[in-house]
Amino acid sequence: MPELVRDLSEEQLLARIFPLLPSGSSTLVGPGDDAAVVAAPDGRFVVSTDVLVEDRHFVRSWSSGEDVGWRAAMQNLADVAAMGARPTSLVVSLVVPGDVEVDWVTGFARGLALACAEVGAAVVGGDLSGGDAVVAAVTVHGDLEGRAPVLRSGARPGDVVAHAGVLGRSAAGLELLREGRPDVGEALVTAFLRPDPPLEAGLEAARAGATSMMDVSDGLVRDAGRIARASGVVLDLDAPGTALAEDLAAVRVAADALGRDATTWVLTGGEDHGMLATFPDGDLPAGFRRVGRVVATAPGSSGPVTVEGAPAAVGGGWDHFSG
Ligand SMILES: [Mg+2]
């Protein structure tokens, strides 16, 4: 019989979890006290929070504890990196039903640690509770290292739109799982279960003078629209067949197998958490590729996002995001 959460006291379960949690150089007082103390040498700290709910954001039959821990950490780390800040510390609250295996919970802690290791962030505290479904709530803090935060509102006409990371892979992986065809693209399924955005690219972008940035959690077109609206400009994307050829190639086999449109996945698929940024015209920092340009809003224009100057309506199913 596997050991279940209800077989242990809270203290016993915490004793299993604590040794697995990642530590970091910014931690002054770590887990075990009433609260943690984290260095904020910059005098400011960046903070964001995100929650994952079982059967809404993940299902336990697809995702291991390690997968959910990784994803809970990574989507928070990406939000801080997208501000141009270095993630320093996380606090993590986990609600877990008594019939969940202890191994699932320790796997969750290992997943947190694996994701945090990419940037040296620590888990400095949290909370544990029983409940009817698994819920993982993560709050992340980050250090701007003396830089200005990179906001969504700074894109200017003439800037280049660039992206670091992958697009459409997570959406393709999710569809493969839904259709019971994970064998068609195991790398895509992994991209959904454990998105692996280039967090350092967010810091690089800030150092290189990015004028705006966010991580792509809801799809390129939708999130480009958010930058465009915040900045009062239009983001005109380059032809996907050229600018996004690599992403299209990566999801092509899965799209063909399921009878889906690869371009739709790449333009509208979310949860890859890559960095979408705008830069003054010139060389792009390492990891970024050009995906479009920023243009001024014209009177009566077709919306905040266009593709080669035309209303964002190719590929089907995503033009409503441009309105
Ligand atoms: Mg975000």
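The model is predicted: local features need pLDDT of at least 70, side-chain atom pairs count only at pLDDT 80 or more, and totals for chains, interfaces and linings use all residues. Residues are numbered from 1 along each chain as its sequence is written, and side-chain values use heavy atoms, with hydrogens and water left out.

Start at the magnesium ion. Its protein donors are Asp 79 (OD) and Asp 215 (OD), 2.0 to 2.1 Å away. Donors here are N, O and S atoms within 2.8 Å of the metal (3.2 Å for Na, K and Ca); water is not among the atoms, so sites may look incomplete. The pair links distant parts of the chain, 136 residues apart: Asp 79 belongs to helix H2 (residues 65-81), Asp 215 to strand E8 (residues 212-215). Helices (H or I, at least four residues) and strands (E, at least two) are DSSP runs, numbered from the N terminus. Asp 79 is partly exposed, because its relative accessibility is 22%. Asp 215, at 4%, is buried. Buried means under 20% relative accessible area, exposed over 50%, and partly exposed in between (1.4 Å probe, protein chains only).

Now follow H2 to its neighbor. The axes of H2 and helix H3 (residues 102-117) come within 6 Å and cross at roughly 35 degrees. Axes are lines fitted to C-alpha atoms, for helices over the stretch in contact, and angles run from 0 to 180 degrees between N-to-C directions. Residues making the contact include Trp 70 and Leu 77 of H2 and Trp 104 and Phe 108 of H3. Contact means heavy atoms within 4.5 Å.

Helix H4 (residues 169-178) comes next. Nine of its 10 residues are buried, so H4 is largely enclosed by the rest of the structure. Among the buried ones are Arg 169 and Glu 175. The buried residues of H4 pack against helix H5 (186-193), helix H9 (245-258) and helix H10 (262-268). Just after H4, Gly 180 has a positive phi of about 70 degrees.

Finally, the sheet. Four strands form an open, mixed sheet in the order E3-E6-E4-E5. Strand E3 (46-53) and strand E5 (122-129) are the edges, each pairing on one side only. Two strands pair if DSSP finds at least two bridges between them. The twist averages 15 degrees from one strand to the next. Strand E4 (residues 86-95) and strand E6 (residues 135-143) run antiparallel, joined by nine bridges. Arg 86 stands opposite Asp 143 in E6.
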